[in-house]
Amino acid sequence: MQAEALELLMGAGVRVSAEALASRRLAVEDEGGGYRFIFVKPADVPVYVEHGIADCGVVGRDVLLETEADVLQPLDLQIARCRLAVAAPEGARRAPSGMLHVATKYPRVAAAHFGARGVPVEIIGLSGSVELAPVLGLADCIVDLVETGRTLAENGLVVVETIAESTARLVVNRASYQLKASAVAELVNALSEVVKRGC
Amino acid sequence: MPESLSKIPGGMRYHFGREARLRRAVEGAALAVFDGWGYEEIATPAVDYYALFERGMGRDEASRAFRFTDADGRLLALRPDVTSSVARAAATLFAAAARPLRFCYAESVFRQRPRSHAEWKRQGRQVGCELIGAGGPAPDLEVLAIAAEVLERLGLRARCRVTVNHVGVFNGLAGQLGLDDEAREQLRRLVDARDAGGLEDLLARRAEGGPPSALAARLSRLSGKREALAAARALVSNERTSAALAALEQVWETVEALGLADLFEVDLGDVAGLDYYTGLIFKIYVGGAGSRVGGGGRYDELTANFGRREPAVGFVLDLDAITEVLARADSAPENGETTPAAAVEGESLSGRLLEAKGRRARGERVRLALRGE
C-alpha cells in the first residue's frame, strides 16, 4: 500500500526522494519540504492521527473498522482493494447449534459480524498466519483480509461470506481539519484529482 | 508495597506542582469571566441516579459512565457530565426562580469507557456555563461571546478556532430526503467523517437527484466564513434548513460586528450530538491539542425530561486539554508561577512561628524550617 500511496502523492505533486525512502529513517520530509512523512504499522496509523501527532494518514478501511478510530475520512484512495471475509475449509459443515471458533486479526469486526447474526462464537485473536488455524484445528473458520484468495486456496480455504470491502483511505485528524483547513483541503483536492484520473 | 497498591487505575492520574497551579489558574480565569457575565456558580452531586444521565445525555453517552448500585438496588453513576444535573436543578430547585437562570461550574467528570484511543483519560474536569430559560438568538450570542472572552483571557485567541453550525441544516435535509432512522444515521455518519465519496455512493444508491441530494453530498465540505452559508443557501429547498441557515447568518453578522470573524468559522458538516442539541452547535479547537477542547450549543428539549420544557444554551471546556496546551506553550496568563517562599529560620520554634505568622499576615509566602531541615 505504501508504494501505491506514494505514487498517488507523486501525482499530486508531493514527492519523497528515493534516497529518503531507502534510508532506515522512520520520519522523512518530502522534496518540497511541505510535508513530513512517518512510516508506521497499519494499525498504528489511526493512533497517530487520532492524537494529532500526524495530521493526515493513509490506512486501509479494514484497520479503521477494527480500531473504530475517531478520524475523518475525506477520501477513498481506491488503492489496496481487498475485502474482509469469512473463510472456512472447503466442504466443511458447521454443527447446527455448536459454538463457532473464529481465528482472526480482526476480533472486533468478527465479533460484530457474528453478533449481528446471533451466532455464538469464540474469537481467537492471532497476529499472523491466520490461515493456519483451521488447517491445524484451532478454529472452524477465519475472518481475514482477502486480496486474491491465493493464500486461502493454498491452505484449502474458501470464502464463505464477505463482511466488508476495503480500500485505502486518506484520514485526517479532527482538530487539524479545522486548524489547518486550507492545507488539508489542498491535499484532499490534489489527491482526489489524481484518484479521478486513475479511474 | 504490593503491586495492587502502587498501581494506578487506567485513565487516572495525579496533578501537582506547576501543572496543578496552572490548572487552578485556568479554571479561575474561566470562572472569573463567567462571573463577569453574571453567572452564579453551582456545584452538582458527584454521584447521582444513572437514569438522570441516561435522560440528560442520551443512552450511548451515559453508558460510558462508572455505574454501581445504591443500597436499595437503584442504579447510580459517578457524574459523567454536569449539564444534566444543572438542567434538573433548574426545573426543580429553581422552579420558582426568575428566568433566565445563569449558572457556571468547574467539576470533575468520570467516564469508565473513553470515546476514542486519543481520549485515554477517564477523569476530566469540565468548566462551563448554562443559560436556561431564554430562547432566540440573543442567548446563543451571549454564550459565544463568553466563550471568545475565555479563550482571549487564556491567551489562546490566535491559535483557536470555534466552528458553528445549526442542527436544523442536517435535520431539514434528512426530513426532505424522507430517510428512516437507519438511513439517517448512515448519512449522518458519512457527513461526520467527511466521507464525500461515501456520501455520493449512498445518495446515488437511493437514486434521488435534485437539490436535497446535491446539498447533502456537499454538506461534508461546506465550511468557511460567510461564503459557506451563501453556497448552502443556493442549494436549499426546504424550510427547516433555510431557517437554520438564516439563524446562522444572523450569528455570523453579529460575530463580524463583534470583530470575532477571525476566531469563528461556519462548519455545516459538524453533525455530532444531533439527538441532544436543538439549534446552534459549536466546537472549540486549539492548535497543539489533537482533539477538540470544548463545545456547546442549544438544548431546548433537555429540561422537558425534568418536567419543565424551556430553552437552554451552554458550553463546556475541557480543563485538562487546555492546561496541557498552555503548559507546553508557556503562554499562560500567569503561567502558574508563584513567588518563591521565604525560608523562616531561627533557634526557637516559637520565634520561627511568630515570624512566620507576621510574614503571613503581610501576605508573604513562607516555608518554615522544621527540626533537622
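**Close-up views of a predicted model**

**View 1. Strand β5 of chain B and its partner strands.** Strand β1 (residues 40-41) of chain B runs parallel to β5(B) and is joined to it by 2 bridges. Helices (H or I, at least four residues) and strands (E, at least two) are DSSP runs, numbered from the N terminus, and two strands pair if DSSP finds at least two bridges between them. Glu40(B) has Phe103(B) as its bridge partner in β5(B). With strand β6 (residues 123-132) of chain B, β5(B) pairs in the antiparallel sense over 10 bridges; Glu107(B) stands opposite Gln126(B) in β6(B). Strand β5 (residues 101-110) of chain B has 8 of its 10 residues buried, so it is largely enclosed by the rest of the structure. Here a residue is buried if 20 or more other C-beta atoms lie within 10 Å of its own, exposed if 12 or fewer, and partly exposed in between, with C-beta atoms placed from the backbone.

This is a predicted model, in which local features need pLDDT of at least 70 and side-chain atom pairs count only at pLDDT 80 or more, while totals for chains, interfaces and linings use all residues. Residues are numbered from 1 along each chain as its sequence is written, and chains are lettered from A and ligands numbered from 1 in the order in which they are written.

**View 2. Helices α6 and α12 of chain B.** The axes of helix α6 (residues 137-153) and helix α12 (residues 239-257) of chain B come within 11 Å and cross at roughly 45°. Axes are lines fitted to C-alpha atoms, for helices over the stretch in contact, and angles run from 0 to 180 degrees between N-to-C directions. Pro137(B), Asp140(B) and Leu141(B) of α6(B) meet Ala247(B), Gln250(B), Val251(B) and Thr254(B) of α12(B), where contact puts the C-beta atoms, placed from the backbone, within 7 Å.

**View 3. An open sheet in chain A.** In chain A, 5 strands form an open sheet in the order β7-β6-β8-β5-β9, with mixed pairing. At the edges stand β7 (121-125) and β9 (157-166) of chain A, each with a single partner strand, so one side of each is left without a neighbour in the sheet. Neighbouring strands of this sheet are turned by 25° against each other on average, direction ignored. Strand β5 (residues 82-89) of chain A pairs with β9(A) in the antiparallel sense over 8 bridges, and Ala85(A) stands opposite Thr162(A) in β9(A).

Definitions and conventions. Contact = placed C-beta atoms within 7 Å.
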